[in-house]
Amino acid sequence: MKIIFFAVLLLTSICCKAQQDNAPNIFIITTDGFRWQEIFSGADSAILHDPHYVKDTALLKQLFWDDNADERRKLLLPFIWKTIAQQGSIYGNRDYDNSVTVANPYRFSYAGYNELFTGYADPKIIANNKRRNPNENVFQFLNGQPEYENKVAAFTSWNLFQYIFNKQPSCFYLNSGYEAAEYDSASNTAVLANGVQTIMDTTVHTRNDMLTFVTAKEYILTKHPKVVYIGFGETDEYAHSGRYDDYLQSAHLFDEYLAQLWYLVNRDPFYKNNTRFIITTDHGRGQKSSTWFRHDLFTKGSNNTWLMTLGVPFDNKGEVKTKGHIHNKELAQTIAGLAGFTFYSNHPVSPTTITTAVHPAMASAK
Ligand SMILES: [Zn+2]
């Protein structure tokens, strides 16, 4: 009798493990406050030639300038325009009347990330304060499902995510700001990245993006999380400092991180053919050469964002050149839909037009 009991137990556990392994893997990657203008047109000539914002224009032009806008954007963001444009979809080019916007009126980062990951443009969330977010996010929701339990992990450069995601002992794995990543079987590289963090000259509220990338990558290789969020922050930091050259360099590195992550998931049997990417930003910035560095309620252009999707079952539309509009608040339900769920919570959750367009499984969502 005992033997039968243990055999059933073993089979159930093998079955659950297989169910978890087969559940779709979802990577969401953001870079803070990066403008749609640079995504679709590359370096902006007016800002590039302004000595207030660029120390060495000739050098920056060598790296990122071409008179042809298509070539120019490829110089800045080669993976996006060579791979995602071929294999995925890129939304938000207003030159074709295709737009992606935030629904919250404030256009700050806390409000922006809350909107993206809770599906709710909460009017009560305004400033970037160290205040615990009362709204449940889609990562908490997925971590509560058997298929994704303890298989959700987030890595962010900005330390305020501890509050935005309301980090608790029962929370999904979250590594944020200059926080050491400690977990079982951490690789030597992960331990080294932790060590580098402790000797940085300045450890402000936003961690160096490269450290966020290395920390995330090592965890992915070791622990194989199924839902991964990586939030980079340098594009916003350099923009606020008025350093357009460093803003572009950060964006170029962001593109490189995307390429490396895509390569990683396509060579790892755990992820191969069962991983999709969603790439976006939390807010736009000023649209003029005199306002590009800031974003707020009053700066025109701050609500304009963009969105990219890559990997089956997303459509392969390339650069979307048809009229359309997506709100950032649709993302939370899109993420849940990719996993086969409908996200219900303690607050309203926006429906999504992205999922119905791209994921037939939504029709049979739980
Ligand atoms: Zn900002």
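Me: Which residues of H6 are buried?

Reply: A residue is buried if 20 or more other C-beta atoms, placed from the backbone, lie within 10 Å of its own, exposed if 12 or fewer, and partly exposed in between. In H6 the buried residues are Phe 79, Ile 80, Trp 81, Ile 84 and Ala 85. This is a predicted model, in which local features need pLDDT of at least 70 and side-chain atom pairs count only at pLDDT 80 or more, while totals for chains, interfaces and linings use all residues. Residues are numbered from 1 along each chain as its sequence is written.

Me: What do the buried residues of H6 pack against?

Reply: Helices (H or I, at least four residues) and strands (E, at least two) are DSSP runs, numbered from the N terminus. Contact between two residues means that their C-beta atoms, placed from the backbone, lie within 7 Å. The buried residues of H6 pack against helix H5 (69–76), S2, H13, S9 and S10.

Me: In what order do the eight strands of the open sheet come?

Reply: Strands of a sheet pair through backbone hydrogen bonds, either parallel or antiparallel. Two strands count as paired if DSSP finds at least two bridges between them. Here the order is S5-S4-S6-S1-S7-S9-S2-S10, with mixed pairing. Strand S5 (173–176) and strand S10 (318–319) are the edges, each pairing on one side only. S5 runs parallel to strand S4 (residues 152–156), and four bridges join them; Thr 156 has Ser 176 of S5 as its bridge partner. Helix H6 (residues 78–87) packs on this sheet, where it touches strand S2 (89–91), strand S9 (307–310) and S10.

Me: How many residues of strand S1 are buried?

Reply: In a regular strand the side chains alternate between the two faces of the sheet. Strand S1 (residues 25–31) has seven of its seven residues buried. Asn 25, Phe 27, Ile 29 and Thr 31 point one way, while Ile 26, Ile 28 and Thr 30 point the other way. S1 is joined by six bridges to strand S7 (residues 275–280), in parallel, and Thr 30 stands opposite Thr 280 there. Six bridges also join S1 to strand S6 (residues 227–232), again in parallel; the partner of Phe 27 in S6 is Val 228.

Me: Why does Ile 335 count as buried?

Reply: Ile 335 lies in helix H14 (residues 331–338). Ile 335 counts as buried because it has 28 C-beta neighbours inside 10 Å. Leaving aside neighbours within four places in sequence, Ile 335 is in contact with Ile 26, Ile 28 and Val 138.

Me: At what angle do the axes of H11 and H13 cross?

Reply: Axes are lines fitted to C-alpha atoms, for helices over the stretch in contact, and angles run from 0 to 180 degrees between N-to-C directions. The axes of helix H11 (residues 209–223) and helix H13 (residues 244–267) cross at roughly 5 degrees and come within 11 Å. The two helices are therefore roughly parallel (an angle under 35 degrees). H11 contributes Asp 209, Phe 213, Lys 217 and Ile 220 to the contact, and H13 contributes Ser 250, Leu 253, Tyr 257 and Leu 264.

Me: Where is the pLDDT below 50?

Reply: pLDDT is the predictor's confidence in each residue, from 0 to 100. The mean for the protein chain is 91, and 91% of its residues reach 70 or more. Over residues 356–366 the pLDDT is below 50. Where pLDDT is low, the predicted coordinates should not be read in detail.

Terms used. Angles under 35 degrees count as roughly parallel, over 145 as roughly antiparallel, 65 to 115 as roughly perpendicular and the rest as oblique.
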